[in-house]
Amino acid sequence: MAWTLTDDLDAFLAAAGGFLRARPAAHTLPLTITESLRASGPGLYGGAPPRYGWWTEDGEVGGAFVQTPPHPIVLTGLPGRALPALAEALDGGAYAVPGVNAPAGTAEAFAGAWRERRGGGLRARVAMRERLYRLTTLAWPDPMPPGAARVAGEADRPLLTDWYRAFGEETGAAAVPPGQAVTARLGYGGLTLWEADGTPVAMAGVSRAVAGMVRVGPVYTPPALRGRGYGGAVTAAVSGAARERGLAEVLLFTDLANPTSNGLYQRLGYEPAGDYAVWAFSSGA
């Protein structure tokens with residue numbers, strides 16, 4: 001039973017890629033993060049170079065993590081015995097561990113192991129609770145709002161950048177600087193606009209496809225245009241397009257503190273697939 005840590009993405013995927021791909025919905029975060037890094041380079045998320053690790057037990061990989069500093073460490077589900085060992089492996093390393101993003105039980109258990117390892121000066125709090133949803137049968141909004149969807153292009157860059165920035169400021173969920181995020185998404189047609197009377201009124205993104213899976217997000221409608229169904233329509237459009245591409249898993253995350261989005265996505269045919277939590281760590285009495 002041991003952790004192996006590396007900053008070599010190819011080595012990580014060679015060792016843990018099969019484990020991650022075997023359960024693409026459960027492992028959506030490390031899969032999409034590593035696929036984005038593979039396509040866009042190690043500087044996509046900023047900060048220090050990414051690092052990776054995998055947990056081996058009886059010769060089999062049983063868990064993994066990805067960290068793109070300065071962001072929290074992203075864990076798969078892990079057996080409890082692996083978490084103190086991970087805290088030990090990370091303690092004293094070159095990179096800080098500002099928090100953890102993982103299935104809710106694993107996140108809480110790692111927070112406890114990290115707090116025990118680091119001593120009484122560490123504070124840990126839940127920064128966000130999220131729910132992962134999986135698309136079953138797509139239900140289009142009824143009635144549909146006026147307009148139609150189109151894949152965004154280079155001419156839309158200024159608007160997309162502004163909307164990405166606004167989304168990040170509103171949710172605190174932006175992991176990539178707006179300009180870099182837009183460049184990466186435009187490179188594979190990963191942003192779609194809903195237009196009404198020729199004017200963009202909402203945006204939805206999708207991750208790069210990996211292991212037969214994509215994840216929808218971000219979804220953004222400017223405040224003045226909300227309540228008209230545009231967000232639901234553009235979400236349905238990208239969800240339907242993913243299904244038409246033959247992707248088996250179409251996923252999205254919601255903030256559990258936002259009942260509006262949770263209700264909307266369930267009406268579109270998304271069903272709960274698991275709860276996640278983001279914990280933040282800080283020093284202090």
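Predicted model: local features only at pLDDT ≥ 70, side-chain atom pairs only at ≥ 80, totals over all residues.
Local features were taken at pLDDT of at least 70 and side-chain atom pairs at pLDDT 80 or more, while totals for chains, interfaces and linings use all residues. Residues are numbered from 1 along each chain as its sequence is written, and side-chain values use heavy atoms, with hydrogens and water left out.

Two packed helices are described by the angle between their axes and the distance between the axes. Helix α5 spans residues 157-171 and helix α6 spans residues 178-186; helices are DSSP runs (H or I, at least four residues), numbered from the N terminus. The axes of α5 and α6 come within 9 Å and cross at roughly 125°. Axes are lines fitted to C-alpha atoms over the stretch in contact, and angles run from 0 to 180 degrees between N-to-C directions.

In the contact (heavy atoms within 4.5 Å), Arg157, Leu160, Thr161, Tyr164 and Arg165 of α5 meet residues of α6 including Pro178, Val182 and Leu186.

Thr34 lies in helix α2, residues 28-40. Thr34 is buried, with a relative accessible area of 2% (buried is under 20%, exposed over 50%, partly exposed in between, with a 1.4 Å probe and protein chains only). Not counting residues up to four places away in sequence, Thr34 touches Leu9, Phe12, Leu13, Tyr52 and Val66.

Pro84, in helix α3 (residues 82-90), is partly exposed, with a relative accessible area of 48%. Pro84 and Glu130 are 46 residues apart in sequence and 24 Å apart in space, C-alpha to C-alpha.

Note on methods:
Helix = DSSP H or I, 4+ residues; strand = E, 2+ residues; numbered from the N terminus.
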